[in-house]
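Subject: Salt bridges in the structure

Dear colleague,

Please read them with the structure open beside you.

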Amino acid sequence: MRSLAEKLARKIVLRRRLDNEFGRRPFWASPDSALSLLKPGFETFEDLAEVCRTFVKPGDCIWDIGGNLGLFSLMAAHRAGADSVTVCIEPDPVLASLVQRTVLLPENTDRLIHVLCSAVSNESGIAQFAVAARGRSSNSLSVAGGRSQAGGVRYEQYVPTVTVDQLLGSFPSPNLIKIDVEGAEEMVLRGAERTLTECRPFVYIEVGADHINGVTRTLDRHGYSLFDPMRPASGEPIRECCFNTLAIPSECVDAHRQKAA
């Protein structure tokens, strides 16, 4: 039944709204990304909302790598205000087109949200991209292998790839980077050496079980402290990445704790 529902949902596009704390901003969504979008409410995205509440400040520049439907971008842009810049990077043309439609809705044009249809990796070029047999939220670079939630591959296509450091040539330096790339997280960080060293953004990253050690080592090498973002901000750092990890530059930890207290 689920497989049939997923296939029937592929051509559905719905206009939904964020809740009151994010200005009831409208967005275009398709259950082809995730069937949960057919349900009322947005409990599924509470983790993203909590990160926005706690870590996005007025005027921040946000980079949303693996933007999906752009919900994090829209929530972050709302919190950061009219003087902020948000960059939503999504390689799937189907999803990126929905994000662009969302950005152009009259209620959202008071925020500057750029949409870049590209994958982010450790090098620039062209790469194969696997569209998940189930929801498009589980799409991945073919070389990354994806996650088990993909349920197989619907089809593959070629997409451009850029590195995080290359983005510095086109967009303002980020204060916060969100990374959700279905198995390519280590590749993304390998292409972010300059950004992590010089710009020192907060990093909110989804980390698969196979990449915990590699991502932990990379962030530790760049002087980041790791936290579980769903625990109190004043809590102790964690020793290794969890599935959703917040990485804070070590020199910012004390100041952030004092502000959160």
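A salt bridge here is a side-chain nitrogen of Lys or Arg within 4 Å of a carboxyl oxygen of Asp or Glu. By that definition, a search of the whole structure finds 18 salt bridges.

This is a predicted model, in which local features need pLDDT of at least 70 and side-chain atom pairs count only at pLDDT 80 or more, while totals for chains, interfaces and linings use all residues. Residues are numbered from 1 along each chain as its sequence is written, and side-chain values use heavy atoms, with hydrogens and water left out.

One of the salt bridges joins E21 to R53, with 2.7 Å between the closest N and O atoms. This pair links distant parts of the chain, 32 residues apart, since E21 sits in the loop between β1 (14-17) and β2 (26-29), whereas R53 belongs to helix α2 (residues 46-55); helices (H or I, at least four residues) and strands (E, at least two) are DSSP runs, numbered from the N terminus.

R53 also meets E50 in a salt bridge, at 2.7 Å from N to O, and these two residues both lie in helix α2, 3 residues apart, which is about one turn of the helix.

A further salt bridge connects R111 with D110, where the closest N and O atoms are 3.0 Å apart. Salt bridges that share partners join E21, E46, E50 and R53 into one network.

As for accessibility (buried is under 20% relative accessible area, exposed over 50%, partly exposed in between, with a 1.4 Å probe and protein chains only), R111 counts as buried because its value is 15%, whereas D110, at 40%, counts as partly exposed.
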